[in-house]
Amino acid sequence: MFKKILIANRGEIACRIIKTAQRMGVATVAVYSDADCDALHVTLADEAIHIGAAPARESYLVAEKILAAAQITDADAIHPGYGFLSENADFAIACAAQDVVFIGPSVAAIAAMGSKSAAKQIMEQAGVPLVPGYHGDDQDPAQLKSAAQTMGYPVLLKATAGGGGKGMRQVWSEEDFDESLAAAKRESLASFNDDSMLVEKYLIKPRHVEFQIFFDHLGHGIYLAERDCSVQRRHQKIIEEAPAPGMTDTLRRAMGETAVTAARAIDYRGAGTVEFLLHQDGSFYFMEMNTRLQVEHPVTEMITGLDLVEWQLLVACGEPLPLTQEAVQIRGHAFEARVYAEDPDNDFLPVTGTLGRLRAPDESRYVRVDTGVCQGDHISVYYDPMIAKLIVWDESRDRALQRLSNALSQYRISGAVTNLDFLYNLATCRPFEDAQLNTGFIDEHKNLLFQTRSENPARELPLAALALLLHRQRQAKQVISCLDPYSPWQDNDAWRLNGTHRHRITLRCQQQDYTVELEQQGAQYRINALGEETLLAGTLEDETLRFESAGHRQHATLAYTHGGFTLYLPEGACHFSEIFADTGEKEKAASDNGLRAPMNGTIVTLVAKTGDQVETGAPLLVMEAMKMEHTIRAPCRGIVQAFCYASGDLVDGGATLVDFIMSEE
Ligand code: ADP
């Protein structure tokens, strides 16, 4: 076994690898950029080497700096994690030249799968089923368009060098082809320095089912069951599970053996993932192979009881696979939810912030939290905004899902907008409980998943107002008891000599403001919201709101989060913030117009012209942030008075982009 390994990565994956290495008695070396001086992975490792400035291209992506760190520390091997240099064949070559083991497949295998087009050509020859498409070398736009025409719309344009959903565009009709091709090429060039495209038939509502495969040096290869990663936003996974619901033994064998055939076609070694699109009729097609450990590998670990990083180290040392195919056992069901600093209500755009409060659910044999950040850490623009992976396991899917929603409601993060409420809504919604999975899931069920869902928060509003009132009373009590524990003024139960005490609270939910009136009558509150009267009794203990209505006692969890609080009920999460009369309108106007830069970025092109009269949703300009293009659209009917920036300009997150005048209706 290696004596010491260097981990050429950061965040949760670096921490994850360090944990296994330490358990195996292997010393670890971390590398870190200026932004990560106090990061968790640096603290956990036995040694750490500074490798440069915060931008990844000046640190984590610089092969020479990583190799120099390995040399200084005398590391035997380098684990690349995922992302960064993990699928970079030149880096694997450089490792070999320096006599350091690259913990991953051979250079040839990485190179073979590095281009989506080349990979498809290899798989076609190996008899692996492919989605109908064009993956040739002729990149003439006319050729790509005619290929699209031949296979029929809708089609999907993909960057051949692509990954992370970048450089990918759905095209629904011929008229949109040229514009989509131009945008996909621009995005691909910016991200991968290569704008070659392939065109595929766009399958409607398939499932994304992938197989974990493992090969050793002796040519033994097996599959470790599958993962269903169908629930995606922007073609990127957000929640994964294993095994795939509804998977039969026959289909698992057929797909698993195809995955092994695919890997064998490139003489594979180590851990890899073969991704398939699974059609509703049970047919499946190779999509791509990832020649590294996947973000979602923990769900496979939970159902097989194996440690895949341990296997990676064993295989990299030349040891045979620890298990045969027949000996692989699957037990129970696991989910992984990716907790991100991102705003689901703003097209899931990444956000930055300092994690003022971070409390993860307690870990147990059922709950695992893989993270690379601590309270007080900053989520910066430099790296992926993932805060943690929450992984749960239980004997059945239902029970595991119950654990997932419980664990999500225990998470507390403030300082950055997160997708926690969205994940909770996902985990508790009926279609997900019923495993109606497909890659269009989020779009199909958006009314259940987003804060901006259409219906009124009629059930949640009285509860939220009551919770806020009880919270205020508790705070007032704490202040008074600090000053004088025996004061009669401690009884802040709103008792009045002649009559009752009324409260009026304005809450914002789903971008709407609601005024709620509460009148205390003994132990009960008469609550008027949305024209309905509700009689509720309630107490707030720590973060639990216990309430009773007509003898029915229930409870909800209250989480103080970024800019307000979230109420977690069994049927979903709802976020509220309190609005004060004088600031309400101004705040609403500023947040509603949506014409601010969602984050730091560059203006790519101005689509509308100054003076244009536009309809709601019309594209005004395109900006690029984090290597992805975002179209800024008209929030309502109006006139483009002026653009504040020109194409090519750099803009700061939050900057006003367009001077826009709303039309009088
Ligand atoms: P990337 O490498 O950029 O992540 P992938 O090729 O893995 O891109 O595809 C990402 C996702 O896009 C898939 O999980 C799937 O949801 C969707 N997708 C890819 N190809 C197709 C297709 N031909 N039809 C429908 N959806 C597709």
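Guide: The model is predicted. Start with Glu342, which is found in strand 16 (residues 342–343).

Visitor: Why is Glu342 counted as buried?

Guide: Its relative accessibility is 2%. Buried means under 20%, so Glu342 counts as buried.

Visitor: Which residues is Glu342 in contact with, leaving aside its neighbours within four places in sequence?

Guide: Among them are Arg233, Ile238, Phe348, Val417 and Asn419. To be called a contact, heavy atoms must lie within 4.5 Å.

Visitor: How do you know that domain 2 and domain 6 are in contact?

Guide: The domain assignment gives domain 2 as 132–201 and domain 6 as 585–662. Their C-alpha centres lie 26 Å apart, and 7 residues of domain 2 are in contact with 6 residues of domain 6.

Visitor: What is the area buried between domain 2 and domain 6?

Guide: About 560 Å², with 50% of that area given by carbon and sulfur atoms. On the side of domain 2, Lys166, Arg186 and Glu187 lose the most area to domain 6, together 61% of what that side buries.

Visitor: How many salt bridges are there between domain 2 and domain 6?

Guide: The count is 0.

Visitor: What makes up the side of domain 2 that touches domain 6?

Guide: By class, that side has 2 nonpolar, 1 polar and 4 charged residues. Helix 8 (residues 174–192) gives the most to it, with 5 residues.

Definitions and conventions: Residues numbered from 1 in each chain as written. Predicted model: local features only at pLDDT ≥ 70, side-chain atom pairs only at ≥ 80, totals over all residues. Heavy atoms only, no water. Helix = DSSP H or I, 4+ residues; strand = E, 2+ residues; numbered from the N terminus. Buried < 20%, exposed > 50% of the residue type's maximum accessible area, 1.4 Å probe, protein only. Domains from an automatic or database assignment. Buried area = accessible area lost by both parts, 1.4 Å probe. Salt bridge = Lys/Arg side-chain N within 4 Å of Asp/Glu carboxyl O. Nonpolar A, V, L, I, M, F, W, Y, C, P; charged D, E, K, R; others polar.
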